[in-house]
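Please look over the structure below before reading on.

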Amino acid sequence: MAKLTYREAVAAGIAQEMRRDENVVLIGEDVAAAGGVFKATVGLLDEFGPKRVRDTPIAEQAILGAAMGAAMTGMRPIAEIMFSDFLAVCWDIVANQIAKTRYMTNGQFEIPLVIRTANGGGSRFGAQHSQSVENWAMAIPGLKVVAPSTPADVKGLLAAAVRDPDPVIFFEHKALYATKGEVPDGEYVDELGKAKVLRQGSDVTIVALALMVPRALKAAELLESEHGISATVVDVRSLVPLDTQTIFAEVEKTGRLYTVEENPRLCGWGAEISSLVAEELFYDLDGPIVRITTPHIPLPAADNLEDATIPSVEKIVQTIRETAG
Amino acid sequence: MNVLMPQLGETVEEGTVTEWFKKPGDPVEKNETLFEVETDKVTTEVPALKAGILSKILVGEGETVDVGTVLAVIASEGDEADGETDEAAPAVEPATAPEAAAPTPAPAAKVEAAPRDKEARLSPVVRKLLARHNLSADQITGSGGGGRITKQDVLAFVEGGAGVEGDAGVEGGKDGGAGSTGDFKPFTKIRKLTGDHMLRSLATSAHVTQAIEIDFHTVDAARSAHGAAWKEEQGFSLTYLPFIARAICLAIADYPNINATVEGDGLKLHRDINLAVAVDLNFEGLVAPVIRDAGLKSVADLAREINRLAGAARNGKLTPDEVTGGTYTISNNGSFGTLFTTPVINQPQVAILSVDKIGRKPVVLERDEIAVRPIGVLAQSFDHRAVDGAYAAAFLSRLREIIEGTDWSAELV
């Protein structure tokens with residue numbers, strides 16, 4: 001085990017797969033010479049050279065169009081869209097081409113492509129560079145959607161995404177790049193579609209994703225020590241495929257479900273989980289399902305306003321205290 | 001080691017723990033009786049498979065769980081007491097009966113604090129738990145927001161009325177609902193299963209009942225001649241029942257559609273005759289143990305088998321395979337003096353016969369002579385899907401012919 005930052009784990013995961021398979025290539029804006037605008041691809045150009053690690057112009061449609069073509073001819077490209085907000089620029093290629101080609105060609109073409117992108121807020125970047133858009137991706141059939149919360153999960157899930165035969169959108173969280181954690185040495189591959197139970201409690205079950213996971217864990221500690229409420233915390237990790245088995249099992253034990261979501265409220269991923277739980281576990285629920293989300297607004301850039309919108313530890317604690325009885 | 005709900009018979013899917021003979025903390029010897037379990041038709045004691053300390057009981061008395069569910073944990077010497085439990089199962093002390101847990105009424109102030117429309121605010125899981133444990137919301141004081149009863153409140157109440165943080169109290173006993181006085185008696189498992197089976201049978205089969213009057217003088221002659229010696233030798237009385245059972249087997253040989261099961265668009269005729277004999281368990285329930293291959297047995301064999309099965313039934317010692325696989329049923333109500341009974345078919349069979357009082361009556365014989373004879377009515381309910389009235393009547397007529405025309409003394413020797 002080595003202690004790596006979340007951003008170092010990104011580079012470690014990419015390097016592991018590039019060493020294993022020469023068809024794995026990396027392209028994107030500033031991913032090569034600059035080592036990534038978030039420094040998540042440092043050292044890859046030196047190790048693998050300019051043919052396999054390529055800088056591109058500022059043209060997201062070109063990045064994903066090139067990556068899709070490469071994937072159709074047998075390569076396994078990793079394409080970076082610097083900010084997930086910019087997926088909107090190239091959404092036709094993502095939603096209409098990449099997601100659908102396997103189906104429309106009756107399986108004659110596979111698209112083994114990973115789109116890495118920096119997602120989420122908390123960095124005062126304003127409304128066009130801070131969004132959590134994992135629910136956009138989740139809404140398109142044909143895409144897999146992954147969003148890790150720890151360095152170990154970054155490395156293992158990134159490797160699994162590269163090896164997957166279908167397109168995966170891999171959401172890295174901007175506010176987590178500096179966080180540190182133990183990461184297994186050597187070849188490490190995780191499994192897509194498996195949630196992780198990080199903490200077991202008896203009163204409520206909190207389901208969270210990405211940056212909301214460490215906040216949910218902190219909130220669970222405070223709920224236990226200061227308010228006598230014992231919480232389970234589940235890290236969803238993968239929205240598509242979704243590990244309903246783990247989520248249902250944990251909700252059934254406590255009878256209460258809270259989702260903590262950074263995406264704006266309307267049609268956020270927690271709405272889908274809530275509807276599944278209501279449908280499948282109605283007779284095991286001991287109270288209303290409660291969603292804790294960012295409100296349905298464009299995110300402000302001002303520190304105090306951004307902090308007031310994205311679910312915080314205090315907001316999670318307060319909401320659960322008020323509703324868990 | 002986990003103690004599991006055993007599989008008592010091939011078709012049994014769940015069982016009810018009726019009694020624990022050990023408490024948590026008690027030492028347990030291998031093969032020592034640990035608990036008693038009740039299934040569909042059988043109550044049996046289950047021994048420990050391993051020696052150790054009973055560290056936890058997870059399923060309390062009165063609870064019904066699926067086969068294979070962890071009921072308790074036996075820790076071996078040296079094991080951590082909690083080492084082997086399944087985390088998913090909540091640790092529950094043996095559930096105390098609500099009546100037993102109820103002696104202390106909650107302080108009046110507490111009761112008033114609860115909202116009036118508690119029922120309307122129960123969560124789905126609380127409703128489910130109340131139903132499972134046969135509780136009513138009035139018995140439990142809620143600790144949740146606005147006095148709401150939470151899942152934890154119910155679980156705590158079930159564990160022994162302690163309540164969450166000493167908050168949940170108990171109000172009085174329970175009754176049969178608003179406006180009703182008198183005791184409420186929850187159904188026993190066997191009562192409920194019998195009820196379900198009867199309703200299902202009436203919904204399944206097109207019941208028709210026919211009755212025939214029979215002169216039992218030939219049977220009576222055999223009983224008079226051999227009854228005393230029989231009792232001496234066998235230790236129990238020779239009743240009419242084994243003779244009727246033998247006659248049924250002989251009549252079925254001529255009318256095989258009576259010994260059958262409706263399957264889809266056809267009738268499955270059973271090669272063997274497995275006679276189920278309904279036995280009352282002191283008004284506490286009904287069970288119908290089965291005489292296998294009754295068609296191959298003599299009157300004497302049938303008498304011994306009926307006596308053995310009835311004894312086993314009354315002592316709760318029937319094995320699951322002794323209560324399944326019947327192809328025709330006899331129900332005997334004679335001891336109470338009833339004239340006849342219209343029985344409900346024991347599914348998936350197509351006919352059932354009721355034996356009622358056989359008593360001495362004046363009858364008119366051939367040539368208008370009057371004689372005193374042992375007369376009884378045999379009533380058979382049959383499934384009109386399987387056979388028509390004429391066929392069933394012909395079967396009864398044949399049955400009468402066999403009973404009245406056989407030299408039963410010769411059969412007994």
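Which residues touch the most other members of the largest nonpolar core? This is a predicted model, in which local features need pLDDT of at least 70, side-chain atom pairs count only at pLDDT 80 or more, and totals for chains, interfaces and linings use all residues. Residues are numbered from 1 along each chain as its sequence is written, while chains are lettered from A and ligands numbered from 1 in the order in which they are written.

**Nonpolar cores**
- Of the 96 residues in the largest nonpolar core, those that touch the most other members are A:Leu64, A:Ala161, A:Ile206 and A:Ala216; such a core is a set of buried Ala, Val, Leu, Ile, Met, Phe, Trp, Tyr and Cys residues joined through C-beta atoms within 7 Å.
- A residue is buried if 20 or more other C-beta atoms, placed from the backbone, lie within 10 Å of its own.
- At least three residues of this core come from each of domain 1 (2-183) and domain 2 (196-323) of chain A, with bounds from an automatic or database domain assignment.

**Helix H4 of chain A**
- In helix H4 (residues 91-98) of chain A, a helix being a DSSP run of H or I with at least four residues, the buried residues are A:Ile93, A:Val94 and A:Ile98.
- Because these residues cover an arc of only 100 degrees around the axis, they lie on the same side of H4(A), the arc being that of the directions from the helix axis to the C-beta atoms.

**A sheet in chain B**
- Four strands of chain B form an open sheet in the order S1-S8-S6-S3, with antiparallel pairing; strands are DSSP runs (E, at least two residues), and two of them pair if DSSP finds at least two bridges between them.
- Strand S6 (residues 52-57) and strand S8 (residues 70-75) of chain B pair over four bridges, and B:Lys56 stands opposite B:Val73 in S8(B).

Key
Buried ≥ 20, exposed ≤ 12 C-beta atoms within 10 Å, placed from the backbone.
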